[in-house]
Amino acid sequence: MDKIATELALKTTGHQLSVFSSSDVPGSFKHEDPLSTTCTPAGNCDPVREAGSSANSAMAIQEDGIKPAAASSAAQSQGGGKGFWDIIIKKKDEIDALILENQQSFRSIHHLKNRPFIMLNTPITCEMTNVEKKPDALDDEDTLYTFDITHGQFHWTVKKKYKHFQELQRDLHFHRLLLPFQRFDRFNMNVQRRRSILEEMPSLQAPGKTKRISMRGAPECHDSKHLEEYLNCVLKKTFCKKTSCLMEFLCVSRLSFIPDLGPKGLEGPVIKRSGGYHTSNLQCISNNTCCFLWLHRWMVVKDSFLMFINRDNSTINGVMLFDQEFKVDPVDTNNHHGICIKNTARSLVIQCSSDEQKDWWSQEINKMAEACDFLKEQRFGGFAPPRANTLTKWYVNGSGYFADLADALENAKEEIFITDWWLSPKVFLKRPANKKEWRLDKILQKKAEEGVKVFVLLYREVTYALSINSDYSKRALRKKHRNIKVIRHPDHILSGVVFWAHHEKMVAIDQSVAFVGGIDLTLGRWDDNEYRLTDLGSTEESNGVTEEQPDKGCLCCQTDASDTRPNSQPKWSSKHLADNTKLWLGKDYNNFVEKDWFKPDKPFEENVDRTKVPRIPWRDLSAAVHGRAARDVARHFIQRWNLNKLSKRKYRNDSFPYLVPKSNSTADSLPYTVTGSSKAKVQVLRSFSDWLPKMKVELSIKEAYIDTIEKSEHYIYIENQFFITCADGVIENEIGDVIVKRILRAHREQKKFRVFVVIPLSPGFEGDIKTASGNAARTILHYTYRTINRGKASILSRLSEQIENWTEYITFCGLRTHSKLSGKLVTEQIYVHSKTLIADDRRYIIGSANINDRSMLGNRDTELAVLVEDEERVPSVMGGQEYEAGPLTLALRKECFSVLLGANDEPRIDIDDPISDAFFGVFKCPPCDNVHNMQQLREYNDEKPLSETDSEQAEEELKAVRGLLVHFPLNYLCEENLLPPLICKEGMAPSTVWT
């Protein structure tokens, strides 16, 4: 008796079942084995053989990542009093149920060799629906029979000629003849039982009919209904169902019956031409654009993509997504029967055996593609349509975002997609960090060990300009587990891309929930509404004046930032973390103007002395989306992954698999939902660049910004890391121009209209702005002031020409806070890293795109964003009148305003009406600048602040300060030329790098 079946039957003491050890399985399990289930003459299944088959399938489950305990629990004995076969049959049913669940799991696409062709214990039936016979046909050879096939919830159509039935019958007999040569030592089958199987072969010839020969020598079939009976009879035979010839006859592959891939679609063997990728000239030869081969593949057409499978090793060899450029055209090949399938990334040529097959494939592919959303150009020229009734949630700051992301990652079952401009593997997602389990690399490692596939796309930086060390991030993640795959892009030499970046920040989990916004999973991004400047052990509020004292037990406070010894990095053991009260460990605590991040591969070394230097708080916004919108986000990642996989030869192997998108037909089934989500209409937007392998430029983020501003009726609120706009020949994006036009329209119509702009007080670059080290910061200031108020094309210059009191329409602000550190009052700006637009309390945009040409034009940095429009309404106030606002947008705007203005601490500040005179007077910060040139700046810096000359008076005055809002200094250094000298590296860079 088979060893596995014996153990399955005899484990009655509650011990773990050991069926998952590969040493217990004599030989590899093949689902196409014609004797995977054997029957007695009476028709009863052999339980010993079934148990062995189930055990082998259970082994496949373990290879797919399910822990042995999960499957072994299904095989625990319920007691020793039952008969041997009762125990076997009961455990077989339990294991079969587990196997069936695993076979339908989307995760099994990464282990196609372990997938059966059909679903366990699910019948297949067929019905003939049409017979097509050519008028000039002399016999039945050219008659085409159409069958509707049903297998569980899957339905599809096949068209066959009589000769195909003959070929099927021949192949089945061939398999039958090979049975005596199979190894039966595992199955313990006697000759009589084997003979009973061989004798149950159905006949293709109808009963009572004599075989006639046509004029061309082919048998005629006068009873076409018998073909249906024959096929149904074949489908009932276990021996027949396990043969590959029947699966090919039915157009079935190992990917046919995965619910998350949608309807079965069109499938079949094809001969395809290699290459055809629309890549750069430097890669054309390596991608077989000039030289090509004809390859035998199995093509699968689903509802939003098609793919090719290598039938020899059951691997996916190519994926073509349906997009706006997708089309199918006839093409002339060697045998004159071919079709050319095109999308934005590839032109693929397929040989067909006949004109009928060519027409059939073209018709069916076009029919499936026509219903796909991605073939149509969507609103704003985007790739994805608005998705109504989508669960979504916004986040202000990284604390809530990181916590919800950590919980979602913990619930991942199949796949995790991550793309970041900068990723630090050792960043903690929940604070304070009391255990390593909430560190990003530990979470990903745990999920990878459970069988979840993790795919990470990182921006490959120009090391001369940036020190984010993406190579360290790649190596640190990949060594955690083989299920974690990392690709860096672009390759600067092959692609010729030097100045542009992958700037998007996104995480998609199981293609059912996705996180999008401006927050990278890296150092310095975690913050909350307290915006603390210090972190020495106290949890007091930052903009109180409570002094924090160094925690002498903390490794951060013991490590000197100037210590350059090779092994000076503190080791954060579980013991140290258990008592940790710090929110930012090592380089996570930083002041990047004082000293930018350095050596990110040593994240627990101190970057600045936290006992002397306050940190710069980080303000950012992000969003979570579910369902179809999450599928759109995942599709964007899949498109990029599959393209980037081709960018270097080392990625063109099976260890870096092609990814496939899930069908929207199952998008409403949410395995996990982020707590606190609400429904709204969501559209995924992006800036998609043509420096990716010849992709079509998409700038739907910019178009959505322009549309939202133009259609706004009451106000727009902008938070952004950059504000470089107004088309003037150097700058191209016209967002600033649209703002001017909207304000002028309100002025003409004598209507209230407010524009709130919140940007960083100082650019986020290391260096002293008075010296050469501040060249980068001064350059950004130059283009920012060129947008706001310096030059004829600036916003305020154009407004002041027609509006005397322009301050009633627009205001520019920054954020600042204060605290006490080592006995001294300290202050710092709150760095605004947000990329957000809110309009009329009814819609908002959150993403990774800055307001500059790099992010908005589409042919530079790649970006991702979501436009959220409320579909419900709640009572509110606007301009002193009753107003119907959207609940999500209203809550977001109030959250922003209450924190910035300190409304929670000052009841007199009413934030309900964002355009009232009383509120705008609080928010408005009139310009008051005294530093116009470098000499005045030096004198200003030499003056001792009140906090040093009279600390008591300074503390008393600070008590009157509410909120975080300060005016943006419009006349700061207005007498200086802020552009860098041409002889420095910043000056030699083209202006497009800065704009």
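Over which ring does the charged end of Arg615 sit, and how far is it from the centre of that ring?

A: The model described here is predicted. In it, the charged end of Arg615 is placed over the ring of Trp584, at 3.7 Å from the ring centre.

The account may begin with the loop between helix H16 (574–578) and strand S20 (618–619), where Phe592 is located. Val613 is found in the loop between H16 and S20 as well. With a relative accessible area of 14%, Val613 falls under the 20% limit and is therefore buried. Setting aside neighbours within four places in sequence, the contacts of Val613 are Tyr589, Asn591, Glu594, Val608 and Leu821. The C-alpha atoms of Val613 and Asn590 are separated by 8.5 Å, although the two residues are 23 residues apart along the chain.

The structure holds 31 aromatic pairs. A pair of aromatic rings is described by the distance of the centres and the angle of the planes. For Phe165 and Phe249, the ring centres are 5.0 Å apart and the planes stand at 70°, so this pair is edge-to-face. Phe165 belongs to helix H5 (residues 162–178) and Phe249 to helix H9 (residues 244–249), so that the pair links distant parts of the chain, 84 residues apart. Phe165 counts as buried, at 0% relative accessibility, and Phe249 is buried with a relative accessible area of 5%.

The rings of Phe592 and Tyr831 have planes at 75° and centres 5.0 Å apart, which makes the pair edge-to-face. Phe592 is buried, with 3% relative accessible area, and Tyr831 is buried, with a relative accessible area of 3%. Elsewhere, ring pairs join Phe417, Phe455, Phe637, Trp641, Tyr651 and Phe656 into a cluster.

Helix packing can be considered next. Two packed helices are described by the angle between their axes and the distance between the axes. Helix H18 (residues 700–711) packs with helix H19 (residues 735–749) at an angle of about 10°, and their axes are 9 Å apart. This angle is under 35 degrees, so H18 is roughly parallel to H19. On the side of H18, the contact is made by Lys702, Tyr705, Ile706, Ile709 and Glu710; on the side of H19, by Ile735, Val738, Ile739, Arg742 and Arg745. The residues of this contact comprise six nonpolar, no polar and four charged.

Asp707 is also found in helix H18. This residue counts as buried, at 14% relative accessibility. Not counting residues up to four places away in sequence, Asp707 touches Phe380 and Arg843.

Two details of the backbone concern proline. The peptide bond from Arg431 to Pro432 is cis, with omega near -10°, and Pro432 lies in the loop between strand S14 (415–420) and helix H12 (440–449). A cis peptide bond also joins His489 and Pro490, where omega is about 5°. Pro490 is placed in the loop between strand S16 (484–489) and helix H14 (492–495).

Two further details concern aspartate. Asp510 has a phi near 55°, a positive value in a residue other than glycine. Asp510 lies in the loop between strand S17 (505–509) and strand S18 (513–517), and at 4% relative accessibility counts as buried. For Asp841, phi is near 60°, again a positive value in a residue other than glycine. The loop between strand S29 (835–839) and strand S30 (843–847) contains Asp841, which is buried with a relative accessible area of 0%.

Methods:
Residues are numbered from 1 along each chain as its sequence is written. This is a predicted model: local features need pLDDT of at least 70, side-chain atom pairs count only at pLDDT 80 or more; totals for chains, interfaces and linings use all residues. Side-chain values use heavy atoms; hydrogens and water are left out. Axes are lines fitted to C-alpha atoms, for helices over the stretch in contact, and angles run from 0 to 180 degrees between N-to-C directions. Helices (H or I, at least four residues) and strands (E, at least two) are DSSP runs, numbered from the N terminus. Angles under 35 degrees count as roughly parallel, over 145 as roughly antiparallel, 65 to 115 as roughly perpendicular and the rest as oblique. Contact means heavy atoms within 4.5 Å. Ala, Val, Leu, Ile, Met, Phe, Trp, Tyr, Cys and Pro count as nonpolar, Asp, Glu, Lys and Arg as charged, and the others, Gly among them, as polar. Rings of Phe, Tyr and Trp (its six-membered ring) pair if their centres lie within 6.5 Å; planes under 30 degrees apart count as stacked, over 60 as edge-to-face and the rest as tilted. Buried means under 20% relative accessible area, exposed over 50%, partly exposed in between (1.4 Å probe, protein chains only). A charge sits over a ring if NZ of Lys or CZ of Arg is within 6 Å of the ring centre and within 35 degrees of the ring normal.
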